[in-house]
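I opened the model to look up its strands and its cores. My entries follow the structure.

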Amino acid sequence: MSIFDGIMGNVSEIEVSKVEKEMKDLLALTEKVEHAYKLIRDLLIFTDKRLILVDKQGVTGKKVEYHSIPYKSIVHFSIETAGTFDLEAELKIWLSGSSVPIQKKFNKSLNVYKVQSVLAEYVLK
């Protein structure tokens with residue numbers, strides 16, 4: 001991921017094994033990381049049990065907030081693909097009890113359909 005992508009808020013896929021090592025204390029004993037994406041310092045992690053959003057805060061990023069979202073709490077989601085002149089695609093996720101979606105932007109090189117497919121696999125069970 002280039003610095004330009006980071007500044008623009010784009011997301012890129014990262015290795016699952018690295019995320020599992022970093023998040024070992026956060027994961028349940030039988031929980032497995034399926035896919036992971038990085039947005040500058042933040043992470044979007046899809047496990048077989050939930051969606052985890054990791055929000056690193058402050059200049060140093062030492063303060064971290066972990067959002068654990070059970071897939072059953074997701075009531076609606078959408079993707080917007082990148083067009084000819086667009087630099088990015090977008091994923092929006094609505095949670096039960098909230099009218100404002102969680103929004104994540106993906107660079108054009110990442111297949112947003114794949115991300116949507118992973119989310120659909122767990123939400124539509």
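Which residues have the most contacts inside the largest nonpolar core? I noted Phe 46, Leu 51, Tyr 71, Ile 74 and Leu 119, in a core of 20 residues. This is a predicted model, so local features need pLDDT of at least 70 and side-chain atom pairs count only at pLDDT 80 or more, while totals for chains, interfaces and linings use all residues. Residues are numbered from 1 along each chain as its sequence is written, and side-chain values use heavy atoms, with hydrogens and water left out.

**Entry: the cores.** I took a nonpolar core as a set of buried Ala, Val, Leu, Ile, Met, Phe, Trp, Tyr and Cys residues joined through side-chain atoms within 4.5 Å. Buried means under 20% relative accessible area, exposed over 50%, and partly exposed in between (1.4 Å probe, protein chains only). Helices (H or I, at least four residues) and strands (E, at least two) are DSSP runs, numbered from the N terminus. The largest share, 7 residues, is supplied by α3. Apart from this core lies another, of 9 residues, including Val 19, Leu 27, Leu 43 and Val 54.

**Entry: Ile 74.** I listed its contacts (heavy atoms within 4.5 Å). Neighbours within four places in sequence aside, Ile 74 touches Leu 51, Ile 69, Ile 93, Trp 94, Leu 95, Leu 119 and Val 123.

**Entry: strand β2.** Is β2 mostly covered or mostly open? I found it mostly covered: 5 of the 7 residues in 33–39 are buried. I then looked up its partners; two strands pair if DSSP finds at least two bridges between them. Strand β1 (residues 12–13) pairs with β2 in the antiparallel sense over 2 bridges. Ser 12 stands opposite Lys 38 of β2. Strand β3 (residues 42–47) also runs antiparallel to β2, joined by 6 bridges. There, Val 33 has Thr 47 in β3 as its bridge partner.

**Entry: two residues of β2.** Why does His 35 count as buried? Because its relative accessibility is 17%. His 35 is found in β2. With neighbours within four places in sequence left aside, I see His 35 in contact with Glu 13, Val 16, Leu 44, Ile 45, Phe 46, Lys 114 and Val 118. I checked its relative accessible area: Tyr 37 is buried, at 0%. Its C-alpha atom is separated by 5.4 Å from that of Ser 12, 25 residues apart along the chain.
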